[in-house]
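Have the viewer open and pick a side-chain display.

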Amino acid sequence: MLSTPSRQRLARIPENAVVAVTEGVSTEQLVEVYTDPYIARVAQDHRPHRPIFNTGAVYLAAWVNGRFAGLFLAIKHSMIEMELHSLLKRWAIPYSRDLGRKFLAWAFSHPDLLRVTAPIIEGLESAKNYCLKLGFVVEGVRRNATTHQGKIKNVHILGMLREEWEAQA
C-alpha cells in the first residue's frame, strides 16, 4: 500500500506524458548530466565522474514531453551482453520506469543481444529497486568491488535475459 505522499506524487504524473529514448547526444547534454549534483552522488570514487568515450559505450538521450531528462549509458561488453547505467535528472524520476522500458526496447532491438546487466553499488537501494521494477533479477554480488563516498562497497549484479524482456513486453 502506498503512503499518502507517495500517492500524491504519483497523481501528479500526467497520464499522457510522451517519453522517448533517442540515439545521438550533444556535448552540452553530456556536460549537463555529469555536472548535475543529484547524478554525481552515485559516482564511484575510483572512476572519474565524466563521460566515457570508447567503442563500446553508447549514450542515449531521455526525453519527457520534449524536455531533456537525462541519459542512459549502454556499455557493450560483447555481442551478447550490454551494461546499463541510468543518469536521469531528479525531476524525471517519476518517468523513470517508462524511460527504462524504452531503453530496454532499444537494447533488445539488437538481435544478437542476449542480456542486459546492471551493476548497483551497495546502499543505492532506489537504483536496485528501479531495476527490480523493470524486471531485472538479482544474480549475485561482487564483494569489495568499488569505493563510494570513501568506503569500500559491494556491487550487486542484476540482469535481464532476452526471454524475460520478451515475456513482459
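Predicted model: local features only at pLDDT ≥ 70, side-chain atom pairs only at ≥ 80, totals over all residues.

## Salt bridges

Glu32, Asp36 and Lys89 are linked in a network of salt bridges, a salt bridge being a side-chain nitrogen of Lys or Arg within 4 Å of a carboxyl oxygen of Asp or Glu. Residues are numbered from 1 along each chain as its sequence is written, and side-chain values use heavy atoms, with hydrogens and water left out.

Asp36 sits in the loop between H2 and H3 and Lys89 in the loop between E4 and H4, so the pair ties together parts that are 53 residues apart in sequence. Helices (H or I, at least four residues) and strands (E, at least two) are DSSP runs, numbered from the N terminus. Both Asp36 and Lys89 are buried, where buried means under 20% relative accessible area, exposed over 50%, and partly exposed in between (1.4 Å probe, protein chains only).

The structure holds six salt bridges. Arg115 takes part in one with Glu81 (3.5 Å, N to O) and in another with Glu139 (2.6 Å, N to O). Arg115 is in strand E5 and Glu139 in strand E6, so this pair joins parts 24 residues apart in sequence. Arg115 counts as buried because its relative accessible area is 18%, while Glu139 is partly exposed at 42% and Glu81 is partly exposed at 22%.

## Nonpolar cores

The largest nonpolar core has 32 residues, and Phe72, Leu99, Phe103, Leu104, Val116 and Phe136 have the most contacts inside it. A core here is a set of buried Ala, Val, Leu, Ile, Met, Phe, Trp, Tyr and Cys residues joined through side-chain atoms within 4.5 Å. Among the elements giving two or more residues to this core are strand E1 (19-23), helix H5 (125-134) and strand E7 (151-161). H4 gives the most, with five residues.

Which residues does Leu104 contact, leaving aside its neighbours within four places in sequence? They are Val116, Leu134, Phe136, Met160 and Trp165, with contact meaning heavy atoms within 4.5 Å.

## Helix H2

In H2 (residues 27-34), Gln29, Leu30, Val33 and Tyr34 are buried. They cover an arc of only 120° around the axis, so they are on the same side of H2; the arc is that of the directions from the helix axis to the C-beta atoms. The buried residues of H2 pack against helix H3 (37-40), E2, E3 and E4. Exposed Thr27 and Glu28 are on the face turned away from the buried side.

Asn144 has a positive phi of about 45° although it is not a glycine. It is found in strand E6 (residues 137-148) and is exposed, with a relative accessible area of 58%. Gln149, also not a glycine, has a positive phi near 55°; this residue is in the loop between E6 and E7.

Met79 is in the loop between strand E3 (67-76) and strand E4 (81-88), and at 52% relative accessibility Met79 counts as exposed.
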